[in-house]
Amino acid sequence: MKVDSHSHSKYSHDGRADPLKMLEAAKAEGLGYYAVTEHLDRDYKYCRKERFLKQLNLPRYYKRVEKLRSVDFGGIYFAFGVEAAYCEKATPWYEKELKKYDFDVVINSIHTIHGGDAYFGRFYRGREQDEVYNEYLDLLAESLKVPYHYDIVGHIGYITRYCDYPNVSLVQPQYLDKIDALLKEIIARDKCIEINTHIRHPLTEFLPERAILERYYALGGRKITFSSDAHVPSDVGAKYPLAARVAKDIGFTEWTVYKRHIPVTVPIDDPES
Ligand SMILES: [Zn+2]
Ligand SMILES: [Zn+2]
């Protein structure tokens with residue numbers, strides 16, 4: 001089955017389309033499971049520059065999703081989710097708010113690192129790669145231990161998307177112990193990782209990098225899902241055949257998707273179909 005566990009509609013500050021338009025695109029792509037996971041960026045409140053950025057209106061988003069949930073879109077499962085961006089100071093808020101909603105899926109992501117936004121070049125300016133990457137990996141390890149519920153660990157290697165070091169890969173000897181520890185922790189906690197195709201970089205067409213996916217598999221990790229991280233309808237399901245082929249090549253046979261936080265496995269369909 002074709003699935004897509006991660007996308008954004010107009011309720012996210014960087015999304016454009018109504019959820020209905022995104023859903024129609026998902027149907028046209030032949031998806032059997034499609035999740036809208038709006039940005040819940042409580043971490044921005046503790047950012048130097050972005051603290052005034054518009055936050056998701058969760059009650060309004062929920063109201064809209066509730067309506068769509070009751071519509072039959074011809075067999076496609078429409079999942080209601082959020083992408084909760086980790087920040088230690090925001091943790092009590094997430095703990096209180098997330099439990100108020102019957103989400104299908106919660107993605108635990110990192111976008112900001114100790115008050116700096118990894119999206120912008122200024123975050124990296126004048127900083128050594130090892131310092132930045134170790135800070136990211138340590139924060140990622142910390143984020144796995146949050147007290148609120150989450151299902152998927154978002155885009156591992158996000159840091160490689162926006163920096164311009166000569167070799168942006170996370171797969172370098174000095175980081176491998178930390179990556180192994182992360183993957184073991186994810187497996188021990190029975191969480192899922194995503195193949196996130198929202199990246200345009202000569203290094204890789206998806207995150208995490210293939211070697212990290214292979215290591216996850218070798219360590220016994222089997223919970224994996226596909227995520228386009230689409231922000232416009234035309235990106236829903238983007239690069240799905242590539243992700244399915246890579247997953248199958250490595251040995252994965254099933255996607256894991258979440259319905260009311262319950263993991264459901266579906267076979268990875270023929271990448272060419
Ligand atoms: Zn993200
Ligand atoms: Zn996202």
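Is D190 buried or exposed? D190 is exposed, since 10 other C-beta atoms lie within 10 Å of its own, and the cut-off for exposed is 12 or fewer. I will come back to that residue. Please keep in mind that this is a predicted model.

Overall dimensions to begin with. Along the principal axes, the C-alpha atoms fill a box of roughly 50 × 45 × 30 Å. Eight helices and eleven strands make up the secondary structure count. As for burial, 42% of the 273 residues count as buried. Taking contacts in the protein with a separation of 6 or more, 78% are between residues 24 or more positions apart.

Now the interior. In soluble globular proteins, nonpolar side chains tend to be buried together. Here the largest nonpolar core has 68 residues, and the members that touch the most others are Y34, A79, A84 and V105. Strand β3, residues 77-85, gives this core its largest share, six residues. Take A84 as an example: leaving aside residues up to four places away in sequence, A84 touches L40, Y94, L98, V106, I107, N108 and Y150.

Next, helix α1, residues 19-28. Its buried residues are P19, M22, L23, A25 and A26. Viewed down the axis of α1, these fall within an arc of 160°, so they line one face of the helix. What do the buried residues of α1 pack against? They pack against β1, which is residues 3-4, and against β2, α2 and β3. Just after α1 comes G30, with a positive phi of about 80°.

Then the hairpin of β10 and β11. Strand β10 covers residues 254-259 and strand β11 covers residues 262-267; the two pair in the antiparallel sense over six bridges. W255 stands opposite V266 in β11. Two residues lie between the strands, and R260 takes a positive phi near 50° in this hairpin.

That leads to backbone geometry elsewhere. Most residues other than glycine have a negative phi, and most peptide bonds are trans. Back to D190, then: it is not a glycine, yet its phi is positive, about 60°. D190 sits in the loop between α6, residues 176-188, and β8. D229 is also a residue other than glycine with a positive phi, near 55°. Its loop runs between β9, residues 224-227, and α8, residues 240-250. Why does D229 count as buried? Because it has 24 C-beta neighbours inside 10 Å, and 20 or more is the cut-off for buried. D190, to repeat, is exposed.

There is also a cis peptide bond, from L207 to P208, with omega near -5°. P208 is in the loop between β8, residues 192-196, and α7, residues 210-218.

Last, F52. This residue is in the loop between β2, residues 33-40, and α2, residues 58-69. F52 is exposed, with 9 other C-beta atoms within 10 Å. From F52 to F120 the C-alpha separation is 16 Å, and the two are 68 residues apart along the chain.

Key. Residues are numbered from 1 along each chain as its sequence is written. Chains are lettered from A and ligands numbered from 1 in the order in which they are written. This is a predicted model: local features need pLDDT of at least 70, side-chain atom pairs count only at pLDDT 80 or more; totals for chains, interfaces and linings use all residues. A nonpolar core is a set of buried Ala, Val, Leu, Ile, Met, Phe, Trp, Tyr and Cys residues joined through C-beta atoms within 7 Å. Helices (H or I, at least four residues) and strands (E, at least two) are DSSP runs, numbered from the N terminus. Two residues are in contact if their C-beta atoms, placed from the backbone, lie within 7 Å. Two strands pair if DSSP finds at least two bridges between them. The arc is that of the directions from the helix axis to the C-beta atoms.
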